[in-house]
Amino acid sequence: MNFIYVMDPMCSWCWAFSAVMDELNTAYPDSEITYLMGGLAPDSDDPMPQQLQQAIQSTWHTIERQTGTEFNHDFWTECAPRRSTYLACRAVITAETMRPGTAASMVQAIQHAYYLNARNPSDTETLSDLASELELVQKVFTQSLHSVETEQTLQQHLQLARQLGAQGFPSLYLRQEQGAQAVALGYCNWNTLQLRIEQAVR
């Protein structure tokens, strides 16, 4: 099977959905998953407003209660949050360009850095360090991260996400002959997703 996963590596519901994606990979090990960056928030060097910080922190607590997903809340005191996720999206695109098949690994690296280790993926330094940890050439990665070509690819991702009708994340689509069929528009657990996939392929 062939899936399209529309997401943002700094989307907290996508972090919760990562466990469901692990189940998907286990159940359908031969499936192909294309990662499409949806882009939550464009580039900004402005500090995140306190009210927005509180709202996102509240969302993290909600996700913890509903799904059991782990969060490191020290991020909000140890980092300088910015409402900026496009750079993290470009990092996934850059990793995939440098070494095809690495998108999922970069997504996981960003999520673990952000949600478990209180590192800020809105910062180039964090993303370049993660690239090095994935054994990508750091200098090449950093140059590509800020290149015109990578920005153009991100814009293509955003356009494709809109064409699919993805209005929130995570959104997962199953590619079929008649087109892409949504099997998850927003978070759902594995049992629900598996049932929807089975219904889609009947």
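This is a predicted model: local features need pLDDT of at least 70, side-chain atom pairs count only at pLDDT 80 or more; totals for chains, interfaces and linings use all residues.

Residues are numbered from 1 along each chain as its sequence is written, and side-chain values use heavy atoms, with hydrogens and water left out.

Q: Why is N120 called buried?
A: Buried means under 20% relative accessible area, exposed over 50%, and partly exposed in between (1.4 Å probe, protein chains only). N120 comes in at 4%, so it counts as buried. You'll find N120 in the loop between α5 (103–116) and α6 (124–133).

Q: What is N120 in contact with, leaving aside its neighbours within four places in sequence?
A: Contact means heavy atoms within 4.5 Å. By that rule, N120 touches F75, C79, A80, P81, R82 and T126. The side chain of N120 also reaches the backbone oxygen of A80 at 3.2 Å.

Q: Why is L164 called partly exposed?
A: Its relative accessible area is 26%, so L164 gets the in-between label. L164 sits in helix α8 (residues 148–164).

Q: What makes α4 roughly perpendicular to α8?
A: Angles of 65 to 115 degrees count as roughly perpendicular, under 35 as roughly parallel, over 145 as roughly antiparallel, and the rest as oblique. The axes of helix α4 (residues 86–98) and α8 cross at roughly 100 degrees and come within 10 Å. That is why α4 counts as roughly perpendicular to α8.

Technical notes. Helices (H or I, at least four residues) and strands (E, at least two) are DSSP runs, numbered from the N terminus. Axes are lines fitted to C-alpha atoms, for helices over the stretch in contact, and angles run from 0 to 180 degrees between N-to-C directions. A polar contact is a pair of N or O atoms within 3.5 Å; within protein, one must be able to donate a hydrogen and the other to accept it, and residues adjacent in sequence count only if both atoms are side-chain atoms.
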